[in-house]
Amino acid sequence: MKTIQLIGTRNKSDFTLFLGYLLTKLDKRVLVVDTTQQEVYKNAYSRLNEGQNLYDFHDIDILSGATNWLEVEELLREVGESSTSYDTIIVDMDLVSIVSNEWPPFEERYYIGDNDRFNQMRDVDLLHRLFDVTDSTEMKRVTFKTSYRLTTDYFDNLMNNRVTWRSMNYVVEPDEFGLGLRIQMGHEQMIPYGKVNKQYKEILQEIVSEIYQLHIKEVQSAGKTSFFKFNKSTEKVKKEKRELAVANSNS
């Protein structure tokens, strides 16, 4: 199981779901844990009924209502699931209070940022708190550029150079269709990966390739799989687990 922390106050739900989409096409079972302040995934993408916390969004499970790892395990157990049944667990964080809670050591940590000074100033507090409660200051970085350009060391200066950036800095160039794709994803309950621009796709593919040590051509090939081709093995496992949970509750 790979545990991935995505941290930053920028809305990164579209990035997360595009990343999850690629992983599912590689037969990875993916869980996204929504710990965001505005419960972005719950309100924008899920169709949860009262009392529900787990939602299947095109083979990506979205879990809401958890503020620490213990609650993640408890909420999954209520529906007959377990964290160990997932290949990849992505936790989206944008609150100092959430960062301060108990979480397992994340195998991959990404700071998702942009050039908006409002976000950057809040991210300084967020990352400082993260480094106060963890042993390592190493992170990977994904930057969504805007028409206003900044040097790459601007944020480092804000952080007093406390961050140790691992690997390369992934820079996503401005895309006039980006916001529209995010809105479409929520309203139409779809993941329009095919409409993502080439440069953005290449970054997503590189990240997945790095996480799982896969050849980039394998990841690229998986991304070309038809949107309508569902992961049958994943669906079968999920169906069996939920049927077992129902059976246990009735016994």
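## Basis and overall make-up

Helices (H or I, at least four residues) and strands (E, at least two) are taken here as DSSP runs, numbered from the N terminus. The model is a predicted one, in which local features need pLDDT of at least 70 and side-chain atom pairs count only at pLDDT 80 or more, while totals for chains, interfaces and linings use all residues. Residues are numbered from 1 along each chain as its sequence is written, and side-chain values use heavy atoms, with hydrogens and water left out.

The protein has ten helices and eight strands. Of its 251 residues, 50% count as buried, a term for a relative accessible area under 20%, with exposed meaning over 50% and partly exposed the range in between (1.4 Å probe, protein chains only). Among contacts with a separation of 6 or more, 80% join residues 24 or more positions apart, a contact being heavy atoms within 4.5 Å.

## The start of helix H8

Asn197 belongs to the loop that runs between helix H7 (178–188) and H8, and because its relative accessibility is 23%, Asn197 counts as partly exposed. At the start of H8, a side-chain oxygen of Asn197 comes to within 3.2 Å of the backbone nitrogen of Gln199, and the side chain of Asn197 also reaches the backbone nitrogen of Tyr200, at 2.7 Å. Polar contacts of this kind are pairs of N or O atoms within 3.5 Å; within protein, one atom must be able to donate a hydrogen and the other to accept it, and residues adjacent in sequence count only if both atoms are side-chain atoms.

The C-alpha atoms of Asn197 and Pro174 lie 9.9 Å apart in space, with 23 residues of separation in sequence.

## Helix H8 along its length

Helix H8 (residues 198–212) contains 15 residues and spans 21 Å from its first C-alpha to its last, close to the 21 Å expected at 1.5 Å a residue; the expected span is 1.5 Å times one less than the number of residues. Its buried residues are Tyr200, Lys201, Ile203, Leu204, Gln205, Ile207, Val208, Ser209, Ile211 and Tyr212. An α-helix has 3.6 residues a turn, so residues three or four places apart point the same way. After H8 comes Gln213, which has a positive phi near 55°.

The axes of H1 and H8 come within 10 Å and cross at roughly 60°, where axes are lines fitted to C-alpha atoms, for helices over the stretch in contact, and angles run from 0 to 180 degrees between N-to-C directions. That angle makes H1 oblique to H8, since angles under 35 degrees count as roughly parallel, over 145 as roughly antiparallel, 65 to 115 as roughly perpendicular and the rest as oblique. On the H1 side the contact is made by Asp14, Phe15, Phe18, Leu19, Leu22 and Leu23, and on the H8 side by Tyr200, Leu204, Gln205, Ile207, Val208 and Tyr212.

Asp14 lies in helix H1 (residues 13–25) and, because its relative accessible area is 6%, is buried. Apart from neighbours within four places in sequence, Asp14 is in contact with Tyr45, Gly178, Arg182, Met185 and Tyr200.

H8 also packs with helix H9 (residues 216–223), at an angle of about 125° and with their axes 9 Å apart, and the two helices are therefore oblique to each other. H8 passes H9 in a right-handed crossing, in which Gln205, Glu206, Val208 and Ser209 of H8 meet Ile216, Val219 and Gln220 of H9.

## Positive phi values and a strand residue

Glu39, a residue other than glycine, has a positive phi near 45°, and is placed in the loop between strand S2 (30–34) and helix H2 (40–44). With a relative accessible area of 28%, Glu39 is partly exposed. Ser167, also not a glycine, has a positive phi near 60°; Ser167 sits in strand S8 (residues 164–172) and counts as partly exposed at 45% relative accessibility.

Leu54 lies in strand S3 (residues 54–57) and is buried, with a relative accessible area of 16%. The C-alpha atoms of Leu54 and Lys42 are separated by 9.3 Å, the two residues being twelve apart along the chain.

Terms used:
Left-handed = near helix turned anticlockwise from the far one by under 90°.
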